[in-house]
Amino acid sequence: MNASKLANYTNVKARELWTTLYLCAKENPTRRFHALYDKVYRPDILAEAWRRVKANKGSGGIDRQTIEEIIHQYGESKFLNEVYLEVKHKSYHPQPVLRTFIPKGDGKVRPLGIPTIKDRVVQMATKMVIEPIFEADFKDCSFGFRPKKNAHQAMAKIRKASKKAYWVVDLDIQGYFDSINHEKLMKLVEIRINDKRILKLIRKWLEAGVMEDDQFHETEVGSPQGGVISPLLSNIYLNYLDTVWMKQFTHLGELVRYADDLVIICKSKQQALESIQVIKSIMSKLDLTISKEKSKLVNIWDDKEGFDFLGFHNRKFPVFNKGGSKLYVLAHIPSKKAMKNMRKKIKEFTEPRSKLYWDMQDMVEGLNRKIVGFKNYYLLSPIAKQWLNRIDWYVIERLTLFWNKKKNKRKKHTRVGEVMKLTNGKLKKLAV
């Protein structure tokens, strides 16, 4: 891929820097980069970093300073100038991340660490400087949190590999982001970076600690989810796994990794069992553990078994060719968890009583934005329409409930036909 196309920056100079560093790293795989720190506080880099942080939105950290306050009260120029001076004069010190928890589909919660806006900007600027260097080393089996890489590309690789392979090793790393060994991560970073100022910055973020319920907790391991630079650091850490596999074990199967989710598609059960042992050995070297509860070995010869990956349930379905013989072809349908999540998001959007003041057109427009997002992601296989059609009917069900509440009708689930007439041609559909 063209290096300049990888760098999706609006700022021309920032894009040029990204491309230059990428090409230098690609040309010389053993080169260590030492003069990077001054690039972090370059005004154009900081401006681009701020633009990206601003676009990502999100709440403030432990200092409670928000993006809106910086824009409307504090002043963007003043804020960026302060960041510039602190980083340039090495007086910048990150604050602990604010620990918050978001609910997962299984009833459990996922911890998130929210850095302050200032820390997010400096992390973003640093990421922009060091990412191209590591991007030159990352392998084609890795698809998560990388420029111009996405989940659909990962699914395409799985689909292609499944044509000649019948066993899938579905692996989950237990508490990955909270288990990263700082010393081992830093050694992997130092393979390419020997600018001590950059290394010191990264170590400061790793050791900044966590504030939870006004209590400070040290962070001796892990890279909190929620930090701008955490996805890149997590990819650097697991690139060790990718590299070892690509050099020594591709004969066992096709590795496909998206962040800490990975599958291996193998031709035989023996190769699959051997793959499990290899991965366990590599994980042990990284101080990581495979989750026995969430990992499994699946036979995909026919339509009896399947596996979930990146929100899709992947299973081979029967297809009849012109001669009448039956073939099994891998297809991707929304997983049960994904179906539940789509219903949840639709319900959360339509349920608030404050929205009873909206007219039907406003509600339809809001739902359409969600429907388009669901469709763009989940409609990978024609067979997925059967499942997405259920979501279409659920949307009608929620709109009917909304309409009857708005009109103060006792029977909240009647008048479906009236709602369908009102939304005809206006409401987008997933299964089309």
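Where does Ala 35 lie? In this predicted model, Ala 35 sits in the loop that runs between helix 2 (12-27) and helix 3 (37-40). With a relative accessibility of 38%, Ala 35 counts as partly exposed. Ala 35 and Tyr 166 are separated by 131 residues in sequence and, from C-alpha to C-alpha, by 49 Å in space.

| Residue | Relative accessibility | Class |
|---|---|---|
| Ala 35 | 38% | partly exposed |
| Cys 24 | 24% | partly exposed |
| Cys 266 | 0% | buried |

Turning to the cysteines, a disulfide requires a pair of cysteine sulfur atoms within 2.5 Å, and by this rule the count comes to 0 disulfides. For Cys 266, the closest cysteine sulfur belongs to Cys 141 and is 14 Å away, which is too far for a bond. Cys 266 is also buried, at 0% relative accessibility.

The packing of helix 13 and helix 15 is described next. Helix 13 (residues 336-350) packs with helix 15 (residues 385-406) at an angle of about 20°, and their axes are 10 Å apart. Because angles under 35 degrees count as roughly parallel, helix 13 is roughly parallel to helix 15. The crossing of these two helices is right-handed. On the side of helix 13, the contact is made by Met 339, Met 342, Arg 343, Ile 346, Lys 347 and Thr 350, while helix 15 contributes Trp 387, Leu 388, Arg 390, Ile 391, Tyr 394, Val 395 and Arg 398. Sorted by class, the contact of helix 13 with helix 15 has 8 nonpolar, 1 polar and 4 charged residues.

Notes:
Residues numbered from 1 in each chain as written. Predicted model: local features only at pLDDT ≥ 70, side-chain atom pairs only at ≥ 80, totals over all residues. Heavy atoms only, no water. Buried < 20%, exposed > 50% of the residue type's maximum accessible area, 1.4 Å probe, protein only. Axes fitted to C-alpha atoms, helices over the stretch in contact; angles between N-to-C directions. Helix = DSSP H or I, 4+ residues; strand = E, 2+ residues; numbered from the N terminus. Parallel < 35°, antiparallel > 145°, perpendicular 65-115°, else oblique. Left-handed = near helix turned anticlockwise from the far one by under 90°. Contact = heavy atoms within 4.5 Å. Nonpolar A, V, L, I, M, F, W, Y, C, P; charged D, E, K, R; others polar.
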